[in-house]
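Here is a short tour for anyone who likes to check a model by its packing and its backbone angles. Have the viewer open and follow along.

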Amino acid sequence: MPELLLYKKDACPFCQKVMRYLDAHGIVVPTRDTATDPDARAELVRVGGKAQVPCLLIDGEPLYESDDIVAYFAAQGA
């Protein structure tokens, strides 16, 4: 199973879309909120090169765009 980490902001509608999908499918993924945690934002910029959310790290590789993140989980059978 890959190591996953989701960077998000609660006020972001695209992040909310991803979180609704995860909740609806009972998927639990560790999250970091870049709006409330400056260290999380800095880490995201360092790893992904930009502060864009949502960003799903899959084994350290960033995946941006809510539709792509949802598609990733759907492809995993979730």
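L57 counts as buried because its relative accessibility is 9%; buried means under 20% relative accessible area, exposed over 50%, and partly exposed in between, with a 1.4 Å probe and protein chains only. This residue sits in strand β3, which covers residues 55–58. Helices (H or I, at least four residues) and strands (E, at least two) are DSSP runs, numbered from the N terminus.

Leaving out residues up to four places away in sequence, L57 touches E3, L4, L5, Y7, V47 and P62, where contact means heavy atoms within 4.5 Å.

## About the model

This is a predicted model, in which local features need pLDDT of at least 70 and side-chain atom pairs count only at pLDDT 80 or more, while totals for chains, interfaces and linings use all residues. Residues are numbered from 1 along each chain as its sequence is written, and side-chain values use heavy atoms, with hydrogens and water left out.

## A buried lysine

Is K8 buried or exposed? With 10% relative accessibility, K8 counts as buried. It belongs to strand β1, residues 4–8. Setting aside residues up to four places away in sequence, its contacts are C15, M19, T31, R32, D33, T34, A35 and V53.

## Helices α1 and α3

Helix α1 (residues 13–24) and helix α3 (residues 66–75) have axes that come within 9 Å and cross at roughly 15°. Axes here are lines fitted to C-alpha atoms, for helices over the stretch in contact, and angles run from 0 to 180 degrees between N-to-C directions. The two helices are therefore roughly parallel to each other; angles under 35 degrees count as roughly parallel, over 145 as roughly antiparallel, 65 to 115 as roughly perpendicular and the rest as oblique. The crossing of α1 and α3 is right-handed, meaning that the near helix is turned clockwise from the far one by less than a right angle.

Which residues in α1 meet α3? On the α1 side they are F14, K17, V18, Y21 and L22, and they meet S66, D67, I69, V70, F73 and A74 in α3. By class, this contact has eight nonpolar, one polar and two charged residues. Ala, Val, Leu, Ile, Met, Phe, Trp, Tyr, Cys and Pro count as nonpolar, Asp, Glu, Lys and Arg as charged, and the others, Gly among them, as polar.

## An aromatic pair

The structure holds one aromatic pair. The ring centres of Y72 and F73 are 5.3 Å apart and their planes lie at 75°, so the pair is edge-to-face. Rings of Phe, Tyr and Trp (its six-membered ring) pair if their centres lie within 6.5 Å, and planes under 30 degrees apart count as stacked, over 60 as edge-to-face and the rest as tilted. Y72 is buried at 16% relative accessibility, and F73 is buried at 4%.

## Backbone points to check

Most residues other than glycine have a negative phi, and most peptide bonds are trans. V53 and P54 are joined by a cis peptide bond, with omega about 0°. P54 lies in the loop between α2 (38–48) and β3.

D59, in the loop between β3 and β4 (61–64), has a positive phi near 50° and counts as exposed at 53% relative accessibility. E65 is in the loop between β4 and α3; its phi is positive too, about 75°, and E65 counts as partly exposed at 45%.
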